[in-house]
Amino acid sequence: MPPCPAFPSRLLPLLVVLLAACRFPQDTEGTLEQVSGGRLEVGLTENPPWVMRTPTGPAGVEVELVRELAAGLDAEVRWHWGTEGNLVEALRAHRIHLAVGGIEDAPWRRGVVATSRVFFRDLDVVGFAPGTVVPESLAGRPVAVTILDRAGRELEAMGARPVYAQAAPDLPVAGPMWQVRARGLVPGPWTLGERRHVWLLPPGENGWILHVDRHLARHSDLAERLRRAERP
Amino acid sequence: MRIRPPYRLPPDREQAFRRMVRLEWWTLGLRLSIVLGLGLVLGNSQAMKAAWVEDAIGLTPSIAFLVSCRWRKRDPDRDFPYGYQRAAVIAFLCAAVALSLFGVFLLVDSSLKLLQGEYTTIGSVMLFGEIVWLGWLMIAALLYSVVVPLVIGHLQERAARAVHEKTVLVDARMSKADWTTGLAAVVGILGVGAGFWWADAAAGALIAFSVCKDGFVNLREAAGDLLDRRPHRIGTREPDSLTEDIERELCALDWVFAAEVRLREEGSVLSGEAFIVPARGHERDIVERLAEAEQLVREFDWRIYEVVLMPVQSELRPERSR
């Protein structure tokens with residue numbers, strides 16, 4: 001009987017690397033391992049319809065996404081309400097695993113916390129009531145916009161007259177495309193900027209971040225979910 | 001005003017020179033593709049940043065050489081009676097300064113990240129409908145940035161030696177040395193992927209160190225050229241024996257009692273002065289003799305551009321005389 005050829009020991013390191021590559025990249029603090037079959041600590045900041053505070057607990061489009069993520073990992077979710085500032089601090093200290101709340105990508109956050117890929121993009125537009133004539137230009141026109149909205153500055157730059165009112169039923173309204181459509185308004189031809197939605201994640205947890213990115217990329221129906229959430 | 005006659009390369013060197021110019025254009029194009037490729041996948045990685053800066057500034061020697069080629073073709077004129085041979089040195093010095101400063105900056109930056117214990121986050125990208133870890137793309141770009149210069153570097157070095165082109169030689173050497181920094185960055189990225197937070201910043205610091213070294217070496221070369229250092233054999237730290245060879249050649253002439261020569265590098269060509277003590281009895285026809293000797297010196301080596309011959313009274317060191 002011929003001798004069984006020995007496994008070439010020189011290939012052993014290669015094999016180790018290949019095996020490690022199956023779970024590559026890994027986390028620095030082992031978040032994905034902790035969460036799988038364990039607890040998912042999620043920071044929340046209110047921002048309807050993404051995240052809403054209801055008597056029966058958190059609700060909203062992103063809350064649903066988080067629940068789906070947790071279900072896939074067989075994890076129990078614990079919700080922690082806070083301001084964005086609190087949440088960023090907690091992420092940096094690796095006390096929570098994720099923070100959501102309709103948060104948009106911003107350059108000043110780079111290098112402070114990690115973010116997911118941009119999982120939802122939308123344009124800011126001006127919506128007109130159906131049946132009204134859309135004007136040639138916004139110059140001099142009053143447009144309703146909330147005071148915290150970045151679109152206000154863009155409106156000023158375009159020569160429009162932003163009206164910072166809680167309710168202005170007769171005026172055209174600036175807002176993201178999904179919202180304008182959900183309210184049954186007709187979007188005008190101008191774009192006031194882009195919204196790029198991200199989740200905030202702890203720095204250095206590269207395996208966990210990749211897992212979250214893959215989860216978010218599976219959902220292409222977000223515009224539809226947002227519209228459903230906006231309709232009473 | 002006496003303006004220098006234009007310098008012309010011998011025909012065979014001229015051909016080699018043209019080949020090198022063509023090679024430099026290729027180098028520049030490929031290098032640009034590397035800088036672009038790395039820039040696209042830069043992310044948050046410190047090691048990537050360092051490798052990218054090194055490659056971006058690494059473009060300058062090629063650009064400097066190609067720009068100076070334009071200038072160098074110009075003949076000496078009234079405003080620049082010594083010609084434009086040294087145009088490349090200016091660009092070379094600028095590149096060396098930039099490289100040194102960036103190297104120091106990156107070294108401090110990476111060390112701070114290391115000391116503060118900052119974690120490196122490497123995200124993901126969508127590629128053909130799949131979410132892929134950005135680290136893999138970084139590694140692909142880095143490997144490309146390693147292989148291409150390694151190949152070009154060899155070709156460049158051969159071409160540069162043929163025509164004594166220092167800018168290109170330094171460029172070639174940097175290309176060939178860069179593979180270590182590229183691989184260091186790959187190891188840094190793999191380390192981050194394996195969960196070691198410090199791997200990236202450590203690799204970044206290591207690369208920054210090599211950038212500093214490149215900068216200082218080039219700085220010394222450029223400074224040496226500007227300070228009229230004696231000619232050195234290309235790519236070595238040894239002085240060229242050309243000065244002594246010419247002295248010997250001149251001393252061998254029967255009308256020369258003693259001769260001393262000093263030469264300097266002007267880019268890739270050499271110029272300088274020769275001081276000659278005529279032998280007793282030969283002072284009368286000195287003008288014709290000097291013209292002959294000048295011809296002799298000019299044809300001694302193709303790199304000699306202009307050597308001014310000067311008859312002097314005997315005040316030379318005794319060992320230089322017959």
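## Exercises on strands and backbone angles

At 37% relative accessibility, B:Asp228 counts as partly exposed, where buried means under 20% relative accessible area, exposed over 50%, and partly exposed in between (1.4 Å probe, protein chains only). The model is predicted, so that local features need pLDDT of at least 70, side-chain atom pairs count only at pLDDT 80 or more, and totals for chains, interfaces and linings use all residues. Residues are numbered from 1 along each chain as its sequence is written, chains are lettered from A and ligands numbered from 1 in the order in which they are written, and side-chain values use heavy atoms, with hydrogens and water left out.

**Exercise 1.** Describe the phi angle of B:Asp228 and locate this residue.

*Solution.* Begin with the general rule: most residues other than glycine have a negative phi. Phi of B:Asp228, however, is positive, near 55°. The residue sits in the loop between α7 (198–226) and α8 (242–251) of chain B, where helices (H or I, at least four residues) and strands (E, at least two) are DSSP runs numbered from the N terminus.

**Exercise 2.** Find whether B:Phe128 is buried or exposed.

*Solution.* First locate B:Phe128 in the loop between β1 (124–127) and β2 (130–133) of chain B. Then read its relative accessible area, which is 83%, so B:Phe128 is exposed.

**Exercise 3.** Work out which strands stand at the edges of the open sheet in chain B.

*Solution.* The three strands follow the order β3-β4-β5 with mixed pairing, and two strands pair if DSSP finds at least two bridges between them. β3 (256–266) and β5 (304–311) of chain B each have a single partner strand, so these two stand at the edges.
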